[in-house]
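User: Hi! I am new to reading protein models. Could you walk me through some features?

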Amino acid sequence: MTTVICPYCFHRAKAAHLPYRCLMKATGIRGGKPCDAARDDVWAEFMGPSVPPALRMRGPVFAPPRGFGGLGGGSLPACPGCGATTPVRVCRRCHSDFPSDYCDQDSRIIALVGAKASGKSTYVSVLVNELRNRVGGAYNASLAAMGGDTQRRDREMAEDLYDRLRLPEATRPAAMGFNDPLLYRLSLPRRGALGEGSRHTALVFFDAAGEDLKSAEAMDRYTHYLSAADGIIMLVDPLQLGSVRDQMAAGEGPPLPAVETSPQQIAADLASQLRTHGRGRQRGRVTTPMAVAVTKTDMLRPLLGPHSPLLHNASHSGGVLDDGDRLTVHEEMRSLMEGWDSGALRRQLERDFAELSFFGLSALGAPPPAHAPADAPKSGPQPLRIEDPLLWLLGRRKLIPVRKAGAKGAPA
Ligand SMILES: [Zn+2]
Ligand SMILES: [Zn+2]
């Protein structure tokens with residue numbers, strides 16, 4: 001049975017148990033009068049005091065009729081008040097409306113964590129583009145934005161980055177706020193005993209500014225979000241690390257970004273949040289899979305050998321994820337991090353997280369032009385390994401096929 005996680009409050013429920021919201025439309029079928037709007041106090045309380053009283057009046061919410069499947073078959077339940085049918089499902093706990101196709105598949109929450117300027121919006125925008133093109137082609141996957149809000153922002157992000165060559169942060173400071181996750185439907189081929197078909201997964205990307213992990217008011221929401229997450233992608237800007245900054249300062253190139261909350265601090269706050277929510281069962285280490293992605297690897301080229309795996313994308317041949325390739329990248333990143341601030345970040349992550357993998361990626365493939373730091377390179381984004389962290393998390397959940405390390409040919 002399909003399990004749906006509310007992308008707004010992270011309440012988990014069986015799809016068939018979700019209530020409906022009446023659309024207050026005249027049907028003409030029975031000549032009935034449409035329902036009047038009713039005060040939705042559950043929703044208003046969840047949204048907070050910023051919602052004006054008039055907007056609190058919404059279509060009445062009703063429980064699914066007893067014995068009503070409500071899934072597939074195209075049958076819709078009739079509102080007990082007016083007799084009109086409605087397709088709109090709402091969360092039981094917060095009464096937020098779900099996008100029309102959100103409840104047809106299981107949900108996977110991917111939490112994206114990083115300091116404010118770690119490039120989270122650029123990362124998601126380029127990742128989505130790769131999943132639709134190069135990576136999607138390799139895995140025979142397709143990705144669709146769900147709901148009007150994500151569709152609009154998805155289009156705006158793509159226009160900014162790919163048409164105008166503007167980095168999202170420069171134009172839209174909060175492209176992904178805490179209250180508006182990005183919702184996508186990922187469709188992958190399913191090869192089973194019953195033949196071929198598609199398997200759909202709702203991917204929820206949630207942006208958590210690392211700075212907010214400490215604030216008491218955000219704490220309650222964040223812990224729900226983080227404990228619902230199937231995996232965490234933590235973006236680490238290497239230019240935030242003291243020893244990397246020192247090594248880069250001598251060279252030319254664009255100015256270094258301002259120093260923000262350190263990755264060590266963000267990782268420590270993240271681990272303590274997850275522990276307080278019962279996700280720390282394995283000898284005190286947090287069990288949520290943690291993909292630590294060091295960004296801007298294009299800036300690190302002077303530190304890499306000529307055969308570094310960070311210089312090219314994974315092949316994804318045959319639509320299979322090569323776990324040996326991931327381990328090569330993991331070891332390369334691990335040894336690089338050993339030289340950064342005496343390996344403090346690496347040690348702390350390994351102490352706090354039981355399932356941990358290091359990644360290195362570049363969303364743009366080259367630094368922004370020195371004279372225009374808010375622009376993408378003139379050639380447009382040429383990402384390197386941007387898909388690796390997400391594919392690892394999907395592989396762990398058996399959503400894509402994985403070739404185990406050493407399973408093919410002899411190791412070099
Ligand atoms: Zn909810
Ligand atoms: Zn009604």
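Predicted model: local features only at pLDDT ≥ 70, side-chain atom pairs only at ≥ 80, totals over all residues.

User: Which residues coordinate the zinc ion (ligand 1)?

Analyst: To read a metal site, start with the donor atoms. Here the zinc ion (ligand 1) is held by the SG atoms of Cys6, Cys9, Cys91 and Cys94, at 2.3 Å. Along the chain these donors follow the spacing C-x2-C-x81-C-x2-C. Cysteine 9, in the loop between strand S1 (3–5) and strand S2 (12–14), and cysteine 91, in the loop between S6 and S7, are 82 residues apart, and the pair links distant parts of the chain.

User: Why is the arrangement around the zinc ion (ligand 1) called tetrahedral?

Analyst: Look at the angles. Four donors count as tetrahedral if all angles lie between 85 and 135 degrees. Around this ion the 4 donor atoms subtend 104 to 112°, so the arrangement is tetrahedral.

User: Which residues coordinate the zinc ion (ligand 2)?

Analyst: Cys22, Cys35, Cys79 and Cys82 do, each through SG, at 2.3 to 2.4 Å. Their angles of 104 to 119° make this arrangement tetrahedral.

User: Is cysteine 91 buried or exposed?

Analyst: Buried means under 20% relative accessible area. Cysteine 91 has 2%, so it counts as buried. Cysteine 9, at 5%, is buried too.

User: How many residues of S7 are buried?

Analyst: For a strand, think of two faces. In a regular strand the side chains alternate between the two faces of the sheet. In S7, 8 of the 8 residues are buried, so this strand is largely enclosed by the rest of the structure. One side has Ser107, Ile109, Ala111 and Val113, and the other has Arg108, Ile110, Leu112 and Gly114.

Methods: Residues numbered from 1 in each chain as written. Chains lettered and ligands numbered in written order. Heavy atoms only, no water. Donors = N, O, S within 2.8 Å, 3.2 Å for Na, K, Ca; no water. Tetrahedral: all angles 85-135°; square planar, octahedral: opposite > 155°, others 65-115°. Buried < 20%, exposed > 50% of the residue type's maximum accessible area, 1.4 Å probe, protein only. Helix = DSSP H or I, 4+ residues; strand = E, 2+ residues; numbered from the N terminus.
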